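I opened this one to see what the coordinates would tell me. My notes follow in the order I looked things up.

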Amino acid sequence: MVISIDLGSNTLRIAQISSERCGARVVKSFERIVGSAKNLALTGVIGREAVEKIFRALSEARGEFDFSAYPVVAVATQAFRIAQNSDEIFSEISRVFGVKFQVITAGAEAKFTRLGVQNALARLKFNARDFALIDLGGASTEIADERNFKSFAFGIVTFFDECAGNYETMGARAKDIVCESRAFLDALGRKNLVLTSGVPTSAAAMKLGMNYTNYDAAKINGTRLELGDFDEIRERLLKASDARADELVGAGRKMQIIAGITLLKELLTPGNFNLVVVDDGLREGVGAAFLKQKFSEILKS
């Protein structure tokens with residue numbers, strides 16, 4: 001058993017994971033929006049508001065997970081790779097919670113995420129070798145298949161900040177922002193794509209009639225999306241009141257999810273891709289790697 005923590009550019013995700021013959025299994029999970037990358041491009045640091053949210057989330061999680069009962073493996077991604085105050089934050093987290101975070105490279109992030117996705121695809125009886133994955137994060141986006149990967153310096157939080165939350169600006173900027181990543185995706189030549197991270201899982205949940213409070217990862221895994229679904233969901237969110245949008249995708253996430261949908265739609269247009277959504281990602285991959293005694297190997301790669 002291991003407790004796996006993924007502190008991303010937008011979200012803190014924690015899971016208690018056990019090892020089974022068919023692969024790693026999430027026993028218990030926890031997730032909170034912390035907005036680590038908010039205003040990061042302007043300030044160069046993780047802001048005080050985000051730091052306070054991270055500490056509140058960890059305090060809450062400590063009531064649900066016993067960090068002293070099992071090994072804890074904790075990683076942080078793009079926002080913390082570039083923030084000037086990452087060491088200071090993690091030193092304080094270690095002092096208060098006894099949890100030691102490691103800031104991982106983009107390459108390690110892609111490999112851990114791929115492992116998490118592969119485990120999910122195996123449970124779904126899909127051949128992982130047939131798929132490439134897209135992980136649209138808060139401050140970076142990773143695209144990978146079995147042999148190739150690349151990290152791109154855009155994500156939903158940084159894109160939202162750049163566009164000052166303005167929907168019209170998002171539409172105008174998205175094509176330029178995803179241009180390089182679209183060329184890389186095309187070069188992979190894969191028609192089957194796995195979409196992981198908060199934007200596609202939120203879109204899948206809305207398509208299935210779920211909301212933020214009754215979200216069920218088991219039902220999300222394997223959900224298929226069409227390009228038209230992104231248009232429909234974006235329109236639903238644009239027309240929804242803030243209160244209704246909070247119910248659907250979480251408090252204060254309306255325009256960030258719209259920003260992410262705008263990026264994904266532009267990245268995937270006009271390709272005739274087969275899109276499958278998987279909730280499992282970096283958090284699950286880190287836990288699986290630890291249980292398989294491959295964590296240090298991937299971390300150094």
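Before anything else, a working rule: I call two residues in contact when heavy atoms of theirs lie within 4.5 Å. I also keep in mind that this is a predicted model.

**Entry 1: Ala174.** I went to helix α7, residues 167-177, where Ala174 sits. Which residues does Ala174 contact, leaving aside neighbours within four places in sequence? I found Phe159, Thr262, Leu263 and Glu266. I take anything under 20% relative accessible area as buried. Ala174 comes out at 0%, so I put it down as buried. I also checked Ala174 against Gly198: they are 24 residues apart in sequence, and their C-alpha atoms are 18 Å apart in space.

**Entry 2: the whole chain.** I stepped back for the overall picture. I counted 15 helices and 11 strands in the chain. The C-alpha trace spans about 50 × 40 × 35 Å along its principal axes. A compact globule of 301 residues would have a radius of gyration near 19 Å, and the chain has 18 Å, so the two agree. Buried residues account for 54% of the 301. I then looked at contacts between residues at least 6 apart in sequence, and 71% of these join residues at least 24 apart.

**Entry 3: surface and charge.** I got an accessible surface of about 13,200 Å² for the chain, with 47% of that area belonging to carbon and sulfur atoms. For charges, I have 39 positive and 37 negative, and their mean positions are 4 Å apart.

**Entry 4: Ser4.** I moved to strand β1, residues 2-7, which holds Ser4. Buried or exposed? Ser4 is buried, because its relative accessible area is 0%. What does its side chain reach? I see the side chain of Ser4 at 2.6 Å from the backbone oxygen of Arg283. Arg283 also turns up among the residues Ser4 touches beyond four places in sequence, along with Arg13, Ile14, Ala15, Ile17, Val73, Val286 and Gly287.

**Entry 5: helix α9.** I wanted to know how much of α9, residues 198-207, is covered. I found 8 of its 10 residues buried, so the helix is largely enclosed by the rest of the structure. The buried ones are Val199, Pro200, Thr201, Ser202, Ala203, Ala204, Ala205 and Met206. After α9 comes Gly209, with a positive phi near 85°.

Entry 6: I ended with the loops.

- I found a cis peptide bond from Thr269 to Pro270, with omega near 5°. Pro270 lies in the loop between α13 (254-268) and β11 (274-277).
- Asn39 is not a glycine, yet its phi is positive, about 60°. I place Asn39 in the loop between β3 (23-33) and α1 (40-43). Its relative accessible area is 34%, so Asn39 is partly exposed.
- Gln293 also has a positive phi, near 60°, in a residue other than glycine. I place Gln293 in the loop between α14 (282-291) and α15 (295-300). With a relative accessible area of 75%, Gln293 counts as exposed because my cut-off is over 50%.

Key
Residues numbered from 1 in each chain as written. Predicted model: local features only at pLDDT ≥ 70, side-chain atom pairs only at ≥ 80, totals over all residues. Heavy atoms only, no water. Helix = DSSP H or I, 4+ residues; strand = E, 2+ residues; numbered from the N terminus. Rg over C-alpha atoms; globule rule 2.2 N^0.38 Å. Buried < 20%, exposed > 50% of the residue type's maximum accessible area, 1.4 Å probe, protein only. Areas by Shrake-Rupley, 256 points an atom, 1.4 Å probe, with all protein chains shown as cover. Lys, Arg positive; Asp, Glu negative; His and termini not counted. Charge placed at Lys NZ, Arg CZ, Asp CG, Glu CD. Polar contact = N/O pair within 3.5 Å; in protein donor to acceptor, adjacent residues only side chain to side chain.
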